[in-house]
Amino acid sequence: RVIMGIETSCDETGVGLVRLSENDAADATATGPRVELLADEVASSVELHARYGGVVPEVASRAHLEAMAPTARRALATAGLTLSDVDAIAVTAGPGLAGALLVGVAAAKAYAAALDVPLYGVNHLAGHVAVDTLEHGPLPRPCLALLVSGGHTQLLRVDDVASKITELGSTVDDAAGEAYDKVARIVGLPYPGGPPIDKAAREGDPEAIAFPRGMTGPRDAPFDFSFSGLKTAVARWIEAAERNGESIPVPDVCASFQEAVADVLTMKAVAAAREYGIGTMVISGGVAANSRLSALARERCEAAGIELRVPRPRLCTDNGAMIAALGAHVVAADLPASPLDFSGTPALPVSTVTVR
Ligand code: ATP
Ligand code: MG
Ligand code: FE
C-alpha cells in the first residue's frame, strides 16, 4: 500500500510518499513493518522568517497555502505515481502552529474525501521518531528517542511508535534549537542559528569558556532540560567582554556553547536509556544534524553499549516522509482511521499518536 504524508506544523510544507510491504505480517508483529521511501518533497518558508529571527505564524500559514498543491504534485511526479495510487493519507494533527496545521489538515481531508481513502491525523513528534525506519529499518521495541528541534526538546520512551509513546522529560523553557537560534543572534550569526554555529565552532575551543549545564543539580528532574540559563550566560559573557573592550572570540563562544548543549543532551539521554534498560537510542529533529551532538552521542552510546541511530539530516528536519512513515506504521497496526471532523491540535501530547 502507498501512504501519503502531509506535514505543515511549522515552516516546512512537506509531502512524502512511502510504500508499506504487505508480505511482512510476521515481521510486523516482531519488530515493526518495512517501509520504503518513494518521495520526499519539502518547500520551506524559512527565508521569509529570517529577517524576523523566528517563524512568523501568519507568514507560515500563507506559504503553506501556496505550496501545498504544488508540493503534493512534485512528490507524486518524483515517485512516478498519480493520486489514484494513494491508499491512505496521514497528516500532522499537532503539535504545531494552529494556522499552519489547519492548511495541512484541510488539504488532507480534501484528498482523503476525493480519493475515498482512510485519513490518519498523527503526531508530529512521533513522526520524527518513525522517520528513522526509512533509513535504518524496523525500530527495536522499546527504544529511547531524543527529539531536538527548534520547537521541542524531549526524551521519549517508545514502546510502539504507532501507539505507545511516553514522555520521560522535556525542556522547561527554550528548546535546544531555539537556544542555537538565540545565541546566533547574540553573537551576530544569521537565522537559523544551528548551521552557522556548528560551522564556527569547528574553529573554536570547546573548553575555552565553562558555560553552565542546566538542570543537572541533585534536586533537578533527571530527564528535564533547561537552556534559557545557558543563553543568558552567553549574553552576559559577551557583555562583559565588550565592557572590557575585548574582541569577541566567536568560534570559542560557539564551540563552548555547543559543547554545553551536546554534553547535557547526551548525558541525560544515556542516563535515561540506562535507567529504563533500553538498548537503542534514536536522535532526531533539526538539532540532530549538529556535528558535535552526534559525535558525543556516538562516543557515549558506545561506552554504554547502546545502539545509536541518527537519520540523515534531510530526514531529521521537518518533512512529509516522516508523517508518511508514521502513517504506514499506524496502517500496518490496523488502527482505526481518524474521524473526518478532527482539527489540528497545537498542543497535542506525544502520548496521542493518532487522533480519534
Ligand atoms: P519543530 O520543533 O516543530 O520540529 P522546527 O522547524 O523548529 O519545528 P526543525 O526543522 O526540525 O524544527 O529544526 C530546526 C532547528 O534545528 C533550528 O532551530 C536550527 O537552528 C536547528 N539546527 C539545524 N541544523 C543544526 C545544526 N547543525 N546544529 C544545531 N542546530 C541545528
Ligand atoms: Mg523548520
Ligand atoms: Fe519537527
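Student: Which helix holds Asp181?
Tutor: This model is predicted: local features need pLDDT of at least 70, side-chain atom pairs count only at pLDDT 80 or more, and totals for chains, interfaces and linings use all residues. Residues are numbered from 1 along each chain as its sequence is written, with chains lettered from A and ligands numbered from 1 in the order in which they are written. Helices (H or I, at least four residues) and strands (E, at least two) are DSSP runs, numbered from the N terminus. Asp181 sits in α7.

Student: Is Asp181 buried or exposed?
Tutor: Count other C-beta atoms, placed from the backbone, within 10 Å: 20 or more means buried, 12 or fewer exposed, and in between partly exposed. Asp181 has 23. Therefore Asp181 is buried.

Student: Which residues does Asp181 touch beyond four places away in sequence?
Tutor: Touching means that C-beta atoms lie within 7 Å. For Asp181, the partners are Gly54, Gly150, Tyr191, Pro192 and Gly193.

Student: Where does Gly150 lie?
Tutor: Gly150 is buried, with 26 other C-beta atoms within 10 Å. Among its contacts are Asp181, Glu178 and Gly286. Gly150 lies in the loop between β6 (143–148) and β7 (153–160).

Student: How many residues surround ligand 1?
Tutor: A residue belongs to this shell if its C-beta atom lies within 6 Å of the ligand. Gly150, Gly151, Gly177, Gly194 and Gly286 are the closest. α7 (176–187) and α8 (194–201) each supply at least two shell residues. The ligand 1 shell holds 23 residues.

Student: Which residues of α8 are buried?
Tutor: Seen down the axis of α8, its buried residues fall within an arc of 135° (taken from the directions from axis to C-beta atoms), so they line one face. They pack against α7, α10 (250–276) and α11 (291–304). The buried residues of α8 are Gly194, Ile197, Ala200 and Ala201.

Student: Which residues does UniProt list for "binding site"?
Tutor: The entry is unreviewed. Its positions follow the numbering used here, feature names are shortened, and annotations may be inferred rather than shown by experiment. UniProt lists Leu147, Val148, Ser149, Gly150, Gly151, Asp181, Gly194, Asp198 and Asn290.

Student: How many helices and strands are in the chain, and what percentage of its residues are buried?
Tutor: The chain has 13 helices and 10 strands. Its C-alpha trace spans about 70 × 45 × 35 Å along the principal axes. Of its 356 residues, the buried share is 53%.

Notes. Contact = placed C-beta atoms within 7 Å.
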